[in-house]
Amino acid sequence: IWRRQWGDSLDHENAAVLVYHMGQMYEGWGRLADAEKSFRKTILIFEEMSQDQHVTLAFYLNVLGAFLDRQGRYDESHKNFQRALSIEEKKYGKQNN
């Protein structure tokens, strides 16, 4: 679909954002399995781009974590939140409150 719209100039990051938005639509429609696949694919795209420590990846890990939390899948949710936090701490440092 996106190739028709943007041609071959669409980079992986833009593709990841489109997949993420598809996940949001699926969740809104109640297609939770498709939503989860889209959120996981978004994360995979960023990991494949060798951006496994990029703060944008942390955002999408948080999205997946929140999605899993809403499904009552707390252990899986926690793992995603922890990984996101680790990326954020590496980028911005630990905050002592």
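Visitor: What percentage of the 97 residues of the chain count as buried? After that, please take me through the packing of α4 and α5.

Guide: This is a predicted model. Of the chain's 97 residues, 30% count as buried. The chain holds five helices and zero strands, and read along the sequence the pattern is α-α-α-α-α. Among contacts with a separation of 6 or more, 50% are between residues 24 or more positions apart.

Now to the pair of helices. Two packed helices are described by the angle between their axes and the distance between the axes. Helix α4 covers residues 55–70 and helix α5 covers residues 74–92. They pack at an angle of about 160°, and their axes lie 8 Å apart. Angles over 145 degrees count as roughly antiparallel, so α4 is roughly antiparallel to α5. The crossing of α4 past α5 is left-handed.

The contact itself can be read from both sides. From α4 come V55, L57, A58, L61, N62, L64, G65, A66, L68 and D69. They meet Y74, E76, S77, N80, F81, R83, A84, I87, E88, K91 and Y92 in α5. By type, the residues of this contact divide into twelve nonpolar, four polar and five charged.

N80 sits in helix α5, and leaving aside residues up to four places away in sequence, N80 touches L61, L64, G65 and L68. The relative accessibility of N80 is 11%. Buried means under 20%, so N80 counts as buried.

On the α4 side, the view widens to the largest nonpolar core. This core has 19 residues, and those touching the most other members are F39, I43, L57, L61, L64 and F67. At least two residues of the core come from each of α2 (12–29), α3 (32–48), α4 and α5. The largest share, eight residues, is supplied by α4.

Not counting residues up to four places away in sequence, F67 touches E27, L32, A35, E36 and F39.

Methods:
Residues are numbered from 1 along each chain as its sequence is written. This is a predicted model: local features need pLDDT of at least 70, side-chain atom pairs count only at pLDDT 80 or more; totals for chains, interfaces and linings use all residues. Side-chain values use heavy atoms; hydrogens and water are left out. Axes are lines fitted to C-alpha atoms, for helices over the stretch in contact, and angles run from 0 to 180 degrees between N-to-C directions. Helices (H or I, at least four residues) and strands (E, at least two) are DSSP runs, numbered from the N terminus. Angles under 35 degrees count as roughly parallel, over 145 as roughly antiparallel, 65 to 115 as roughly perpendicular and the rest as oblique. A crossing is left-handed if the near helix is turned anticlockwise from the far one by less than a right angle, and right-handed if clockwise. Contact means heavy atoms within 4.5 Å. Ala, Val, Leu, Ile, Met, Phe, Trp, Tyr, Cys and Pro count as nonpolar, Asp, Glu, Lys and Arg as charged, and the others, Gly among them, as polar. A nonpolar core is a set of buried Ala, Val, Leu, Ile, Met, Phe, Trp, Tyr and Cys residues joined through side-chain atoms within 4.5 Å. Buried means under 20% relative accessible area, exposed over 50%, partly exposed in between (1.4 Å probe, protein chains only).
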